[in-house]
Every structure is written in structure tokens, then in C-alpha cells.
Amino acid sequence: MAYRKYLKNPVLEDETDQMKGLPIPPIQKPYTEDAGLIDLIPHESLKVDDISLFQAINNRESRRKYLDVELTLEEISFLLWATQGVKELARGGLVTKRTVPSGGAMHPYETYLLVKTIEGLEPGLYRYLAIEHKLLILDTNKSDLSEEIVDVCHGQAFIGKAAVVFIWATRPYRLEYRYGEDSLKDILMGVGHICQNLYLACEAIGAGTCAVVAYDQDKLDKFIGVDGENEIALYLAPVGKI
Ligand SMILES: Cc1cc2nc3c(=O)[nH]c(=O)nc-3n(C[C@H](O)[C@H](O)[C@H](O)COP(=O)(O)O)c2cc1C
């Protein structure tokens, strides 16, 4: 199988941009000053059910049936913090320490949310600003994106029934800056840690999720408004109450 070469670490020949002394790329995708932002509940104030870690791990499974009820702002705040929450700016503010690990602490990801039913939020597309712990409003004009996301995911109907869909994209240069051609495995492994935290956090709030990789790449890139080159959709996970 030709693809197996990608499972191996490459022999590195070129200097990385970090070795060349080039400036480190921004921790987070920039946004304009006039953008609409929504405050989330800080993690210190979150009151989530305290199920044991044992229970969360033991109960975890891929869940594809969701109740037709909304998630609260507190619940989505918790899920976002659990998956990408920033705990500390490290190395003089150049990298972040988060609730999940990432090679070189570079965290080359952005989280998009397709919101259907979350308390106090218009349905639409949002992006999580992990440093500010806020949501950036991207598009709340489209009335119902459920059918479109099902089409993007080759007709997997359960995704359209979720209260919210997490969509993770990578901005690969954030990692290439440090590791060059050796970035592939880091990027793909790192997003797995994020999704696993989502699974466990969902268990704590009576919600469920299911990792999804079966999607049309061009359609998903367009859906979240990325160019598929400097930013590439990677993985998604619908979430709903169970
Ligand atoms: C990388 C990855 C991709 C997956 N893609 C899909 C998918 O596209 N659609 C789906 O329904 N489930 C998907 N799943 C969920 C698996 O089918 C599920 O994890 C597996 O059946 C084991 O079930 P469990 O998670 O309940 O233990 C994916 C899981 C992983 C880890």
C-alpha cells in the first residue's frame, strides 16, 4: 500500500523556518476588530456534573441518536474549554498550554461550530477564539444548515440532528514552522486528542458525540470558508443530548 510511507517519520533534510529564525506565526487565526463576539462562561465558573473519570471513560461510545433539545451556553462553554481551552500563554506568549496536548505546544487548529440549537445563540456558523474564550460570529444568515452538513458528510443523516457540530480545521504552517515536512503525524494525532476530550466531556453533561472523517473535502472546506491550502478541514463531531 503506497500510503504507508505517510505512517513513517520522514528523514529531515531541510532547515525549518524556526531554525532560520523567521517569526513565529500567530497562535490563533486573526479576525477583524468589528467582528461580532459572544462571551462564553469562564471555566472557573462552570458547574458541570461531577461524574468520575472512570465513569466517563467507561461510558464513552460513539452516539448517533440525539434528543431534540438545546444545549445551554454553559454546556457549550464547557465543551469548548475541554477541547481547546487555553490554560496558559507560554514561552513569552508565543505558544499556548491547553486542556489537550499538541506537538511543540503549537496547537495548529481552529474550531468551527455549526450551531443549530444552543440557548441564546442564533443558528449558524461560529469560530471559537480559544485565547479570549469567546465565539466569533461567522454567518447567522443561513436559516438551517443541517441539510447542507449532511450532504457534506455523504448523507450521514444523524449529523443533521445534532444541536451543534464541532468542525476542526488545521492551519498547517503553525506546525510546519517548527517541524517542516515532519508535521503530518503531529497534526493528525493532535486532533485525535481534541476529539477524545470531546467524547469524555460529553459524557459528563448527558450528551453524546461521534467522530466523523467521512466527508467531502472540498465541500467541507467551502462550508467553513477556508481555502483548503493554508487552512484545511480535518475532522468533525456532532453533539446532542442523549
Ligand atoms: C478517525 C475516526 C473516524 C470516524 N469516522 C466516522 C464517520 O465518518 N461516521 C461515523 O458514523 N462514525 C465514525 N467514526 C466512529 C467509529 O465508527 C466508532 O468509533 C467505532 O465504530 C467504534 O465505536 P465506539 O466509538 O462506540 O467505541 C469514526 C471514528 C474515528 C476514530
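A residue is buried if 20 or more other C-beta atoms lie within 10 Å of its own, exposed if 12 or fewer, and partly exposed in between, with C-beta atoms placed from the backbone. The model is predicted: local features need pLDDT of at least 70 and side-chain atom pairs count only at pLDDT 80 or more, while totals for chains, interfaces and linings use all residues. Residue numbers start from 1 along each chain as its sequence is written.

**View 1**
Helices (H or I, at least four residues) and strands (E, at least two) are DSSP runs, numbered from the N terminus. Eight of the ten residues of β9 are buried, so the strand is largely enclosed by the rest of the structure. Two strands pair if DSSP finds at least two bridges between them. β7 and β9 run antiparallel and are joined by seven bridges. Threonine 170 has isoleucine 232 of β9 as its bridge partner. Strand β8 (residues 207-209) also pairs with β9, in the antiparallel sense, over three bridges. Here glycine 208 is partnered by glycine 240 of β9.

**View 1. Helix α2 and its cover.**
Helix α2 covers residues 73-84. Its twelve residues should span 16 Å at 1.5 Å a residue, and the end C-alpha atoms are 16 Å apart, which agrees. The expected span is 1.5 Å times one less than the number of residues. Ten of the twelve residues are buried, so α2 is largely enclosed by the rest of the structure. Among them are Phe78, Leu79, Leu80 and Trp81. The elements that cover the buried residues of α2 include β3 (95-98), β4 (109-115), β5 (124-129), β7 (164-170), α5 (184-204) and β9 (232-241). Contact here requires C-beta atoms, placed from the backbone, within 7 Å.

**View 2. The β2-β3 hairpin.**
Strand β2 (residues 86-90) runs antiparallel to β3, with four bridges between them. Valine 86 has arginine 98 of β3 as its bridge partner. Four residues separate the two strands of this hairpin, and arginine 91 in the turn has a positive phi of about 45°. In a regular strand the side chains alternate between the two faces of the sheet.

Alanine 105 is found in the loop between β3 and β4. Its phi is positive, about 55°, although alanine 105 is not a glycine. Alanine 105 is partly exposed, with 16 other C-beta atoms within 10 Å. Histidine 107 lies in the loop between β3 and β4. This histidine has a positive phi of about 40° and is not a glycine. Histidine 107 counts as buried, with 25 C-beta neighbours inside 10 Å.

**View 3. The largest nonpolar core.**
A nonpolar core is a set of buried Ala, Val, Leu, Ile, Met, Phe, Trp, Tyr and Cys residues joined through C-beta atoms within 7 Å. The largest one has 63 residues, and Val164, Phe166, Ile167, Trp168 and Leu198 have the most contacts inside it. Helix α5 supplies the largest share of this core, nine residues. Leaving aside neighbours within four places in sequence, valine 164 is in contact with residues including Leu71, Ile76, Leu113 and Val239.

Conventions:
Two residues are in contact if their C-beta atoms, placed from the backbone, lie within 7 Å.
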